[in-house]
Amino acid sequence: MKTARAVPVLMYHHVSPTPGLVTITPQHFAEQMHWLAQAGYRTLGGDEFAGFLAGGPVADKSVLLTFDDGYLDNWVHAHPVLEQYGLRALLFVVSNWIHDGPPRPHAGNGTPPATPAHNACKAAIADGRADEVILRWSEVAAMREAGTFEFHSHTHTHTRWDRACSDAAEKRQRLAGDLRTARATLAARTGRASDHLCWPQGYFDADYLDVAHSAGFRHLYTVQPGVNEPGDDPRHIHRIVVKDRPARWLATRLWIYRQPRAGRLYVRLRGK
């Protein structure tokens with residue numbers, strides 16, 4: 001087996017027909033996933049990717065798909081496409097936003113609910129209406145059972161404690177409580193305590209890294225583009241923002257970021 005020299009990590013948020021920030025249309029998402037399957041790519045799980053960073057071999061055409069926040073549209077529009085093509089992704093959820101309730105219809109299975117734009121989702125969450133725009137635990141369970149998504153932490157409250165606290169000691173204390181609760185909640189709901197964490201808004205500093213390590217997180221995901229190679233620091237995982245573009249855009253980016261030298265040069269020249 002030819003093994004990967006680098007594994008690109010893709011970052012998605014919304015898959016929705018409603019235009020907005022950090023959103024890809026269902027048509028483009030389906031086209032990208034169809035291309036991945038046809039081109040022979042293998043989508044890794046969290047354990048496999050962790051093993052790769054630690055020096056273990058994975059197939060040459062390997063990629064890690066990640067989604068942030070846990071929006072309802074991930075169930076409505078992304079889940080059925082991943083299921084159709086036998087692909088999987090990591091979903092970083094904000095555990096305090098998820099509610100109980102029956103699973104809602106998804107595309108191809110009844111009449112799916114509306115999936116609002118990003119700013120409307122943020123407003124609903126701030127107004128205490130997260131259940132209208134965020135996954136339910138029943139949907140999390142269905143996605144896990146189908147093998148389309150595995151679930152990891154995006155903290156419990158999505159709070160930027162560096163902004164919310166008056167001093168470093170309070171910041172560390174509040175962040176520690178947030179991360180402990182996030183990890184415990186996911187462990188109770190999924191039966192597994194994940195050590196993968198994605199930072200809200202991509203922000204972290206030395207305190208954040210130290211507190212996350214103390215809370216049991218070993219694999220930390222940024223929003224910074226770059227190449228992920230064996231032996232790289234698992235506390236600084238690079239991700240590529242996926243654009244609302246056809247599959248040929250994705251094909252080009254994956255070729256670049258699978259080649260360590262080409263990927264590093266691209267980031268220096270383009271910064272994305």
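**View A. Cys165, a buried cysteine of this predicted model.** With a relative accessibility of 12%, Cys165 counts as buried (under 20% relative accessible area; exposed is over 50% and partly exposed lies in between, with a 1.4 Å probe and protein chains only). Cys165 takes part in no disulfide, and the nearest cysteine sulfur, that of Cys198, is 20 Å away. A disulfide here is a pair of cysteine sulfur atoms within 2.5 Å. The model is predicted, with pLDDT of at least 70 needed for local features and 80 or more for side-chain atom pairs, while totals for chains, interfaces and linings use all residues. Residues are numbered from 1 along each chain as its sequence is written, and side-chain values use heavy atoms, without hydrogens and water.

**View B. Cys198, at 0% relative accessibility.** Cys198 also counts as buried. The cysteine sulfur nearest to Cys198 belongs to Cys121, 17 Å away, and Cys198 is in no disulfide. Zero disulfides are found in the whole structure.

**View C. The largest pocket, about 420 Å³ in volume.** A pocket is an open set of points on a 1 Å grid over the protein atoms alone, where a 1.4 Å probe fits, with protein on both sides within 12 Å along at least five of seven lines; lining residues have an atom within 4 Å of a point. The volume is the space filled by probe spheres set on the points, which are joined across faces, edges and corners. Of 18 lining residues, His13, Asp69, His118, His158 and Gln201 are the closest to the centre.
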